[in-house]
Amino acid sequence: MTSALHDHLRLVHISDLHFGAQHPGAAEALLAAIDSLAPSLILITGDLTQRARHSQFLAARRFFDRLPCEWMAIPGNHDMPLFRPWHRLFTPHRRYRHHIGRITRDRLDHPRLRIALLDSTDPLAWRGGRLRSTPCRDSAAWLAAAAPEQLRIAAAHHPFASREAGNKGGMAGAREARRALIDDGGADVLLWGHLHRTEALLVEGASGRCAVGLGVGSPTSNRHIGEGFFFHQMDVSRDRIDATVWRRFAPDVHFHPEANHTFAREAHGWTRSST
């Protein structure tokens with residue numbers, strides 16, 4: 001991971017790439033946009049593939065190999081076999097681990113950051129996810145041990161903020177995860193994908209302390225092509241987070257900044273400074 005850019009670090013958050021069901025040219029447009037931002041780290045929150053096929057993981061790996069900096073990834077529900085129930089139940093991440101998991105990691109300890117990625121996939125659920133208590137507690141303990149100058153980030157594929165009422169499925173265990181990560185672990189930022197939409201909000205723990213919650217839409221999937229393609233740029237320091245939403249519509253070649261959300265650390269947690 002590269003060093004800080006001036007007084008902050010620049011991160012990029014992408015999710016739901018869905019190799020195997022991408023809009024033509026979308027991956028190249030995303031790569032050009034990321035290159036132009038010169039980030040220090042890229043966080044990828046699942047659904048790398050459409051159907052967890054070898055060819056789709058290989059395409060994802062080739063894309064990741066071209067990224068301009070270190071990246072970290074976790075699987076999503078699409079990264080487990082859908083039409084092979086035996087494999088989905090007993091070896092759901094065999095292909096993910098073979099192609100992706102063995103070259104990435106789920107923890108990062110940097111002088112300015114401490115990051116924990118959590119696997120929220122559930123082989124027994126079609127779309128929904130689940131965070132179990134043990135990995136949440138372990139991640140919370142990891143974050144709680146951060147130095148005062150480190151920003152604490154936790155990420156999963158499924159949303160921490162709410163249980164989706166529609167057919168997208170939410171994340172069982174989200175309430176307990178919020179309590180563990182925000183209240184016990186002192187998480188400053190929670191990241192997710194899955195919903196194919198951008199969200200920027202404050203997520204409250206049981207104690208009333210708030211963390212910054214950022215959900216990102218897909219930068220490449222055809223599923224919601226009318227709403228555009230998205231990724232997030234995050235310029236972060238210990239006490240301030242500037243999240244820029246980048247958007248591109250299918251006829252356009254380039255992404256453009258769509259909105260900016262600024263959050264500041266206060267004594268009781270994080271507050272929104274501007275939108």
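What covers the buried residues of α6? The cover includes α5, β7 (151-155), β8 (171-172), β9, β10 and β11 (210-215). The close-ups below are taken from a predicted model.

**Figure 1. Buried residues of helix α6 and their cover.** Ala174, Ala177, Arg178, Ala180, Leu181 and Ile182 are the buried residues of α6. Among the elements that cover these residues are the helix α5 and the strands β7, β8, β9, β10 and β11. Just after α6 comes glycine 186, with a positive phi of about 70°.

**Figure 2. Packing of helices α5 and α6.** Two packed helices are described by the angle between their axes and by the distance between those axes. For α5 (residues 133-144) and α6 (residues 174-184), the angle is about 15° and the axes are 8 Å apart. Angles under 35 degrees count as roughly parallel, and α5 and α6 are therefore roughly parallel to each other. Their crossing is right-handed.

**Figure 3. Residues at the contact of α5 with α6.** On the α5 side, the contact is made by Cys136, Ser139, Ala140, Leu143 and Ala144. The α6 side contributes Ala177, Ala180, Leu181 and Asp184. By class, the residues of this contact are seven nonpolar, one polar and one charged. Ala177, Ala180 and Leu181 are also listed among the buried residues of α6.

Figure 4. Histidine 196 is found in the loop between β9 (189-192) and β10 (199-204). Both of these strands are among the elements that cover the buried residues of α6. Is histidine 196 buried or exposed? The cut-off for buried is under 20% relative accessible area; histidine 196 has 5% relative accessibility and so counts as buried. The side chain of histidine 196 forms a polar contact of 3.2 Å with the side chain of aspartate 16. A polar contact of 3.2 Å also joins the side chains of histidine 196 and histidine 18.

**Figure 5. Surroundings of arginine 247.** Arginine 247 belongs to strand β13 (residues 240-248). Which residues does arginine 247 contact, leaving aside its neighbours within four places in sequence? They are Glu227, Gly228, Phe229, Phe230, His254, Phe255, His256 and Glu258. With glutamate 227, the backbone oxygen lies 2.7 Å from a polar atom of the arginine 247 side chain. Histidine 98 is 149 residues from arginine 247 in sequence, and the two are 32 Å apart in space, C-alpha to C-alpha.

How values were computed
Residues are numbered from 1 along each chain as its sequence is written. This is a predicted model: local features need pLDDT of at least 70, side-chain atom pairs count only at pLDDT 80 or more; totals for chains, interfaces and linings use all residues. Side-chain values use heavy atoms; hydrogens and water are left out. Helices (H or I, at least four residues) and strands (E, at least two) are DSSP runs, numbered from the N terminus. Buried means under 20% relative accessible area, exposed over 50%, partly exposed in between (1.4 Å probe, protein chains only). A polar contact is a pair of N or O atoms within 3.5 Å; within protein, one must be able to donate a hydrogen and the other to accept it, and residues adjacent in sequence count only if both atoms are side-chain atoms. Axes are lines fitted to C-alpha atoms, for helices over the stretch in contact, and angles run from 0 to 180 degrees between N-to-C directions. Angles under 35 degrees count as roughly parallel, over 145 as roughly antiparallel, 65 to 115 as roughly perpendicular and the rest as oblique. A crossing is left-handed if the near helix is turned anticlockwise from the far one by less than a right angle, and right-handed if clockwise. Contact means heavy atoms within 4.5 Å. Ala, Val, Leu, Ile, Met, Phe, Trp, Tyr, Cys and Pro count as nonpolar, Asp, Glu, Lys and Arg as charged, and the others, Gly among them, as polar.
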